[in-house]
Each structure stands twice: as C-alpha cells, then as structure tokens.
Amino acid sequence: MGSARIIWGEQRTSQSLNPLLVSLKGDHRSTDNGNMGAKETPVLTLVCPHCGEAFPSMMQMDRPTFATIRLKSVLEHCSACGKAARFEKGDYFFVPGEGQS
Ligand SMILES: [Zn+2]
C-alpha cells in the first residue's frame with residue numbers, strides 16, 4: 001500500500017514537469033482571465049428626483065433581461081436621501097460595474 005502511493009506520486013510529478021502540458025495550461029488560464037475581466041455586471045441605476053443622486057435599483061438584472069420585461073411606475077427608495085419616488089422604464093439606465101467589493 002505504502003509503496004504504491006509513492007510510485008503514483010512520482011508519476012504525477014514527472015507529468016506536471018512536461019513542458020508541453022505546462023504551456024497548454026498557461027494558455028488556457030490566461031484566456032479565462034480575459035473573459036472574466038470583460039464580463040462585468042452592469043448596475044441598473046436610477047437618479048433620485050428629490051436629491052439628484054444616482055443610486056442602484058432594488059431590482060438588479062442584466063441588459064437582455066431588462067430589455068424583455070415590462071415596467072410601469074415602480075416605487076423605489078433613494079439610498080442617498082431615503083425618499084421614495086416612482087420610476088418608469090425609461091428612467092432606468094445601466095452603469096458599468098466597478099467590480100463587486
Ligand atoms: Zn434622494
């Protein structure tokens with residue numbers, strides 16, 4: 001049992017040292033990272049008619065979803081002044097996401 005585990009470990013080590021495998025792995029990784037960077041989630045945003053501050057809508061969705069839904073007079077609360085106001089679909093706009101933190 002013990003000796004079998006040692007042999008398995010040696011095989012894995014020599015495989016990962018194969019330069020072709022390492023370079024293929026590296027290429028795949030960098031492509032993944034590029035896709036993730038470009039895929040920022042836009043924030044559905046409103047401008048408060050009371051204080052003029054922009055604040056994120058309580059209903060967050062992506063652009064394709066927002067394009068398909070029907071909206072009329074949604075009551076939302078401003079996160080800056082706390083007052084409620086009614087918004088229509090044309091009042092909503094997307095702001096590029098700044099990376100969630
Ligand atoms: Zn406000």
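The turns below take up the strand pairings and the sheet.

Q: What kind of model is this, and how are residues numbered?
A: This is a predicted model, where local features need pLDDT of at least 70, side-chain atom pairs count only at pLDDT 80 or more, and totals for chains, interfaces and linings use all residues. Residues are numbered from 1 along each chain as its sequence is written.

Q: Why is the stretch at residues 54–56 called strand 2?
A: Strands are DSSP runs of E, at least two residues long, numbered from the N terminus. Strand 2 covers residues 54–56, so the run meets that length.

Q: How do you know that strand 1 and strand 2 pair?
A: Pairing needs at least two bridges found by DSSP between the two strands. Strand 1 and strand 2 share 3 bridges and run antiparallel, so they count as paired. L46 faces F55, and V47 faces A54.

Q: What makes strand 3 and strand 4 a pair?
A: Residues 74–77 and residues 84–87 are linked by 4 antiparallel bridges. H77 stands opposite A84. This hairpin also has 6 residues between its strands, with G82 in the turn at a positive phi of about 85 degrees.

Q: Which strands form the open sheet, and in what order?
A: The order is 2-1-5, with antiparallel pairing. Strand 2 and strand 5 are the edges, because each has a single partner strand. Strand 1 and strand 5 (residues 93–95) share 3 bridges, and V43 stands opposite V95.
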